[in-house]
Amino acid sequence: MRQLDLFEPLEIPLPKVDPNMTLDEAQTLVLDSVVEGSFCPCCGQRVQVYQRKFNANFATFLISLVMRSKERGWDWVHYSDCQFKGRDYPYIKVWGLAITAENDDTRKRSSGLWKPTERGVAFVNGTVRLHRYAMMYDNKLCGYSKDTIHIWDALGSRFDYDEMMRSWR
Ligand SMILES: [Zn+2]
């Protein structure tokens, strides 16, 4: 039985398609307007490149991860031993700042184990700058902003970088 047979009569509001437009032309149309946002001429869904900003929560999580991992001879650290406010911190992987361990337990989606990369450690130490935004399409990385930041820019005025580093040492 088709899934649709389970529903009361309904219509999926697909856009009207130009019968002369090729799939290639449709993709070009999407690409031309994907940064400012548009609608797919085939399925009608919104298509947009989204800018994800490197935020204070990412910085706090990364700093605590670096400190914890360092304490343990650069071993894996469970996320629950790190500091964070929101659960958006896994995005730090998009900037190449940390990696997660493969999961042995297939019933769980992730191992919850984290380790900073060399780049992540350098960013926390303030020796490298980072792109302020990661450009995402369909939740996949598709580029970075030219604009860059230091770790203390990411923490913002609510946090004192020096104080935070001292308290973790
Ligand atoms: Zn589509």
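Five helices and 10 strands make up the secondary structure of the protein chain. The model is predicted.

Consider the overall dimensions next. A compact globule of 169 residues would have a radius of gyration near 15 Å. The protein chain has 21 Å instead. Along the principal axes, its C-alpha atoms fill a box of roughly 65 × 40 × 25 Å. Contacts reach along the sequence. Among those between residues at least 6 apart, 52% join residues at least 24 apart.

The largest nonpolar core has 22 residues. Within this core, Phe58, Ala59, Leu62, Leu65 and Ile92 touch the most other members. Three helices, α2 (56-71), α3 (118-124) and α4 (151-155), each supply at least two residues of the core. The largest share comes from α2, with seven residues. Leaving aside residues up to four places away in sequence, Phe58 touches Tyr89, Tyr91, Ile92 and Ala154.

Strand β3 (residues 50-53) pairs with strand β8 (residues 133-137) in the antiparallel sense, over four bridges. Here Lys53 stands opposite Tyr133 in β8. β8 also pairs with strand β9 (residues 140-144), again antiparallel and over four bridges. In that pairing, Tyr137 stands opposite Lys140 in β9. β8 and β9 form a hairpin, with two residues between them.

Technical notes: Residues are numbered from 1 along each chain as its sequence is written. This is a predicted model: local features need pLDDT of at least 70, side-chain atom pairs count only at pLDDT 80 or more; totals for chains, interfaces and linings use all residues. A nonpolar core is a set of buried Ala, Val, Leu, Ile, Met, Phe, Trp, Tyr and Cys residues joined through C-beta atoms within 7 Å. A residue is buried if 20 or more other C-beta atoms lie within 10 Å of its own, exposed if 12 or fewer, and partly exposed in between; C-beta atoms are placed from the backbone. Two residues are in contact if their C-beta atoms, placed from the backbone, lie within 7 Å. The radius of gyration is taken over C-alpha atoms; the globule rule is 2.2 Å times the number of residues to the power 0.38. Two strands pair if DSSP finds at least two bridges between them.
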